[in-house]
Amino acid sequence: MLLVTGATGSNGTEIVKRLAAQNVPVRAMVRNRDRASAIALSNVDIVEGDFDRPETLLSALMNVDRAFLLTNSTEHAEAQQLAFVDAAHQSGVKQIVKLSQFAADVHSPVRFLRYHAVVESAIQASGMAYTFLRPNLFMQGLLNFRSTIANQNAFYAAINDAKVSVVDVRDIADSAVAALTEAGHEGKIYNLTGPQPLTHAEMAEQLSVALDRQIEFTDIPPEAMHDQLLSIGMPDWQADGLLEDYAHYRRNEAAAVLSGVQEATGKEPCSFQAFARDYAKMFG
Ligand SMILES: NC(=O)c1ccc[n+]([C@@H]2O[C@H](COP(=O)([O-])OP(=O)(O)OC[C@H]3O[C@@H](n4cnc5c(N)ncnc54)[C@H](OP(=O)(O)O)[C@@H]3O)[C@@H](O)[C@H]2O)c1
């Protein structure tokens, strides 16, 4: 049996749907069954589980051989993921496929990159087989800007003209499914990027084509981006973390195009142009 955590999120939903389409026995761990309608398919075993309640992890992990580990990035993420690694080890899980992040490093100035690296080390130390997926900034992350794109035909971020090799979540999901269902991905670290490094202004140009109207990108100071994130309800720790991420992008540390998608799946990663075309309706 495979277990997918974070199963109601952007990656988890895509992963569960792919596994169900291949008729692979899959259990999806969700906090609340009522919010899991997108993955409530006849061949998906939905189980309630909460990273903050370790006893629920043990029942979710019963008879599980391989598990996909993902939480959202909060100040609790490291502790939640370490608790899951412990529970998985106790339950006899053979392999963990962890959604990490491009440039994960215990010494990074970026808090998200540090916590991902700490969890990667704990999985390695546990003796369970592992596959680490280290995606760059998600193309679907642009959907966070959809309200200003819909209302002002504009979006704003503190990134200047730095390029980022953004990756499509659908490629991350394909990589996760390959690692969960095929032999040969054990001990691998896949750096998942898109096929092209792009500035946010270049993404705006491609979105303009897909949406058939002019979308502008404007660089803003980090303090203004921080205010913007708080105004949409993001907690302080997360907003500070996202600003650290953007400082890392601004230093051009996330522009490299790497071959992780090809190595994991055997196919070329999706272009931003294809993402913009396929998601155009969601930008309003
Ligand atoms: N955004 C990017 O560009 C980017 C780039 C690289 C790496 N990453 C990494 O990607 C991860 C986020 O992936 P995502 O965007 O797919 O996540 P997401 O859409 O935010 O989904 C998070 C999932 O975690 C679940 N969850 C949250 N707290 C939980 C708890 N206490 N117990 C059980 N489940 C819980 C949520 O369930 P509910 O439905 O119950 O809330 C949801 O299913 C983070 O680790 C981040 O560092 C992000």
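1. Which helix holds Gln 80? Gln 80 lies in helix 3, which runs over residues 77-90. Bear in mind that this is a predicted model.

2. Is Gln 80 buried or exposed? Its relative accessibility is 10%, so Gln 80 counts as buried, because the cut-off for buried is under 20%. Leaving aside residues up to four places away in sequence, Gln 80 touches Phe 51, Asp 52, Thr 71 and Thr 74.

3. Gln 80 can also be placed against Val 119. The two are 39 residues apart along the chain. Their C-alpha atoms are separated by 9.7 Å.

4. Now the chain as a whole. It has 11 helices and 9 strands. The radius of gyration is 19 Å, close to the 19 Å that the globule rule gives for 284 residues, so the chain is as compact as a globular protein of that length. Along the principal axes, the C-alpha trace spans about 50 × 40 × 35 Å.

5. How much of the chain is buried? Of the 284 residues, 53% count as such. The accessible surface comes to about 12,300 Å². Carbon and sulfur atoms hold 49% of that surface.

6. Contacts across the sequence deserve a look. Take the contacts in the chain with a separation of 6 or more: residues 24 or more positions apart account for 73% of them.

7. On charge, the chain carries 23 positive and 34 negative charges.

8. Helix 6 covers residues 169-181, 13 residues in total. From its first C-alpha to its last it reaches 18 Å. That is close to the 18 Å expected at 1.5 Å a residue.

9. Helix 6 is mostly covered, with 11 of its 13 residues buried. Which residues are these? The buried set in helix 6 is Val 169, Arg 170, Asp 171, Ile 172, Ala 173, Ser 175, Ala 176, Val 177, Ala 178, Ala 179 and Leu 180. Note that Arg 170 and Asp 171 are among them.

10. Last, Ser 208. This residue is found in helix 7, residues 200-211. Why does Ser 208 count as buried? Its relative accessibility is 8%, and the buried class takes values under 20%. With residues up to four places away in sequence not counted, Ser 208 touches Arg 213, Gln 214 and Ile 215.

Definitions and conventions:
Residues are numbered from 1 along each chain as its sequence is written. This is a predicted model: local features need pLDDT of at least 70, side-chain atom pairs count only at pLDDT 80 or more; totals for chains, interfaces and linings use all residues. Side-chain values use heavy atoms; hydrogens and water are left out. Helices (H or I, at least four residues) and strands (E, at least two) are DSSP runs, numbered from the N terminus. The radius of gyration is taken over C-alpha atoms; the globule rule is 2.2 Å times the number of residues to the power 0.38. Buried means under 20% relative accessible area, exposed over 50%, partly exposed in between (1.4 Å probe, protein chains only). Contact means heavy atoms within 4.5 Å. Accessible areas come from the Shrake-Rupley method with a 1.4 Å probe; for residues, only the protein chains shown count as cover. Lys and Arg count as positive and Asp and Glu as negative; His and the chain ends are not counted. The place of a charge is taken as NZ of Lys, CZ of Arg, CG of Asp or CD of Glu. The expected span of a helix is 1.5 Å times one less than its number of residues.
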